Amino acid sequence: MIRFLEKENIFKIDTVTTSYIIGIADGKYPGHAYYGRRLPDDDVSYLMRINEAPFVPSKNGRDKLSFLDCFPMEYPVHGIGDFREDCIAVRNRDGYSGLELLYDGYEITNDKPHLDGLPQTFASDTGESETLKLYLKDEILGLKVTLLYTVFEDSDAVVRSVIMDNESSDPIYITKALSACIDMDNKDFELMTLNGSWARERHIQRNPVGIGFAGVSSVRGETSHQHHPFLGLLSKGADDDHGEVYGMHFIYSGNFKGLVYRGQFDNVRMMMGINDEDFTWKLEPGNSFMTPEAVTVYSGSGIGKMTRTYHDLYRNHLIRSPYKDKKRPILINNWEATYFDFNTDKLLDIARESSKLGIEMLVMDDGWFGNRYDDNRALGDWFVNEEKIKGGLKYLVDEVNKLGMKFGIWFEPEMISPDSDLYREHPDWAIAIPGRTAGLCRNQYVLDITRDEIRDYIVERVCDILSSANIEYVKWDMNRQLADLGSKNLPFDRMGELSHRYTLAVYDMQERILERFPDILLENCSGGGARFDPGMLYYSPQIWCSDDTDAIERLKIQEGTALLYPLSTMGAHVSVCPNHTVGRNTPFETRGYVALAGTFGYELDVTKLSDEDKAMIPGQCKMYHKYRDLVTMGDYYRIASYSGNGYFDAYMTVSKDRKEALLTFVQVMNRPNVHSRIIRLKGLDPDEKYLIKKFNMETGEDEVYLSYMEKPLSGETLMSGGIVIENLWGDNRGLLLHIVKA
Ligand code: GLA
């Protein structure tokens, strides 16, 4: 519910359990008054401290800069005396960069405004959402800035973005345009971020917030393996169930910046938006610029509640795919099975064997097109290589379909290899700075898809392949970062638009392909998980989490990913051992349990598996079908973290009606002379009674585990007393417990 409380002169944005309150100081300056637990309708503008020294400018004009230097700004501006990090900066025709955005009215609507060309949250019905539009203006520049705040009736999130309108008669160059800022007092905050590298994405990191700057960013043209567009400010010592948490997550897939600045008065500014490095946007008179959305979530009861708020918001208001709530087919991908060394016969061998075991879709990965015998060539040549795919693509797909399986295919549409027919024909299609030899990465260049003719060509090629056979899934990959930023399309004063235009072009291509093939199940991917971001979720209901398929490494990657993303979105597969990335051996059973926390599938040559491992696949497929809804639609609770304790991992999903739950337990390290351990369950109904069984992967059935579990126990007992789990013999051992209302 959003209201302007006239008497109190505040904007009050109430979600289910939180309030976000904006005040207007001096009738001009929008300030941040409060964000936290839901409040009654009191006048809390005093929290902005405008009645204390240094006072607002109308009372103390001689010291306006002192006011600007400490006032909790809702949307800080550049160049007029707020010396902390700002959200917006411009350059006018004459080169001046200062601006002052003053309050110019508001509107409250019961909808969710559409942001052209951007991924975004949505409401299914009118009345399901409300939006506050706070109008700000710089009269001298002729720049109107609208701050948007949307809330949904079923969510605790506040979704923010900013629209900039040039109402002057000259171009305005926007050199910085962040999406959200929260300016508040420090509460001994710790900063939680997700960081990593290739094969090691989204590991959780926590650090105290010291004086100065801290944060995350990307200038790689994609969200990146290295950092994630998320900031979490946690009150000191906050854990999954206790403490205050402020989350800020960015619905965008390009260069971003998430920054925390702790200043001289022990206030903290938390901000998120498009990275201003190398960014300029020329805003012509009469034109608008819209920033992507940032989603803020406050939880007064720990990290877990923030997590569940993001999960529900993304499930209900971001993922559009018709597959959102549908069971995804259990797939087998041939990448780790064959790499580039495959042909029709090999793929059909894999499909034949897979279909007998319960696997439902074959995905043909990289290497099926042009002269693609290794990763040094042929990107851009999206024509079937009939030397490998003998009989053509349609024949292969038909044969796979005859086995009762679906068929999926891999593309890397944004790329061009120097050794490709496409490059030989159009050497100027790659992003490059004229006169410089652009740097290679995996021996490939990036296509300048900001140019319409290039984007059209690639969309046509992809659509042509998709309409040539019954293809039901696409893996959209992106295997290098952007550098040598130069586009033949852009004049010198628009070159700073390239990175953002590139990201918009990716969205446009996916949108167009999905319009043509609305039933395609799209999975985004980028060298593993470098484009795992909320932006991509708007187009694909699942994203490949990481090229690291090792179950134990995946515990950390999936824990970090599940901090924000529903499990239904996490691409996770069972692969062979020794694992191709780390050489670790893990029981086949455990690999199945860990992949169950995601979309579930296989990434191995099933024809080469030992009989013992192969015999477990039907049970694993049964497990997936049995628990899929619980895993992907339930509430997620973190019980223990292997990345924190170095010993074991445990998490639960609980059905929304709390009648059923699943506990996954993985004991990574065995310890001598340990008999058992107590695990306290979460999320159950304290007044209900539950029975607990263990899933048996060999039979695919639930069975009695420990004798005390044969008697119903109350949710209260299971959550406060806990359950006893016996020590598992060996390392990397897993257990799946099914908890059902008695
Ligand atoms: C990336 C992907 C892999 C695979 C290869 C193919 O690394 O993450 O899953 O598709 O590309 O080249």
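**A walk through the predicted model**

Let me begin with the overall layout, where the C-alpha centres of domain 1 and domain 2 lie 40 Å apart. Please keep in mind throughout that this is a predicted model. The domain assignment of the protein places domain 1 at residues 2-317 and domain 2 at residues 638-741.

Let me turn to the ligand, which is surrounded by 13 residues, the closest being Asp365, Asp366, Lys475, Gly528 and Asp547. What kinds of residue make up the shell around the ligand? The shell divides into six charged residues, four nonpolar ones and three polar ones. Several side chains come within polar contact of the ligand's oxygen atoms: an N or O atom in the side chain of Asp366 is 2.6 Å from one oxygen atom of the ligand, a polar side-chain atom of Asp477 lies 2.8 Å from an oxygen atom of the ligand, and for Trp410 the corresponding distance is 3.0 Å. Taken alone, the ligand would expose 310 Å², and the protein buries 97% of that area.

As for charged pairs, the structure holds 68 salt bridges, and one of them joins Lys12 to Asp41, with the closest N and O atoms 2.9 Å apart. This pair links distant parts of the chain, since Lys12 sits in strand β2 (residues 10-14) while Asp41, 29 residues apart from it, sits in the loop between β4 (29-37) and α1 (64-70).

I will finish with some details of the backbone. Most residues other than glycine have a negative phi, and most peptide bonds are trans. Another joins Cys577 and Pro578, with omega about -5°, and the place of Pro578 is in the loop between β30 and α11 (588-596). Finally, Asp26, in the loop between β3 (18-25) and β4, has a positive phi, near 60°, although it is a residue other than glycine.

Terms used. Residues are numbered from 1 along each chain as its sequence is written. This is a predicted model: local features need pLDDT of at least 70, side-chain atom pairs count only at pLDDT 80 or more; totals for chains, interfaces and linings use all residues. Side-chain values use heavy atoms; hydrogens and water are left out. A residue is near a molecule or strand if one of its heavy atoms lies within 4 Å of it. A polar contact is a pair of N or O atoms within 3.5 Å; within protein, one must be able to donate a hydrogen and the other to accept it, and residues adjacent in sequence count only if both atoms are side-chain atoms. Accessible areas come from the Shrake-Rupley method with a 1.4 Å probe; for residues, only the protein chains shown count as cover. Ala, Val, Leu, Ile, Met, Phe, Trp, Tyr, Cys and Pro count as nonpolar, Asp, Glu, Lys and Arg as charged, and the others, Gly among them, as polar. Domain bounds come from an automatic or database domain assignment. A salt bridge is a side-chain nitrogen of Lys or Arg within 4 Å of a carboxyl oxygen of Asp or Glu. Helices (H or I, at least four residues) and strands (E, at least two) are DSSP runs, numbered from the N terminus.
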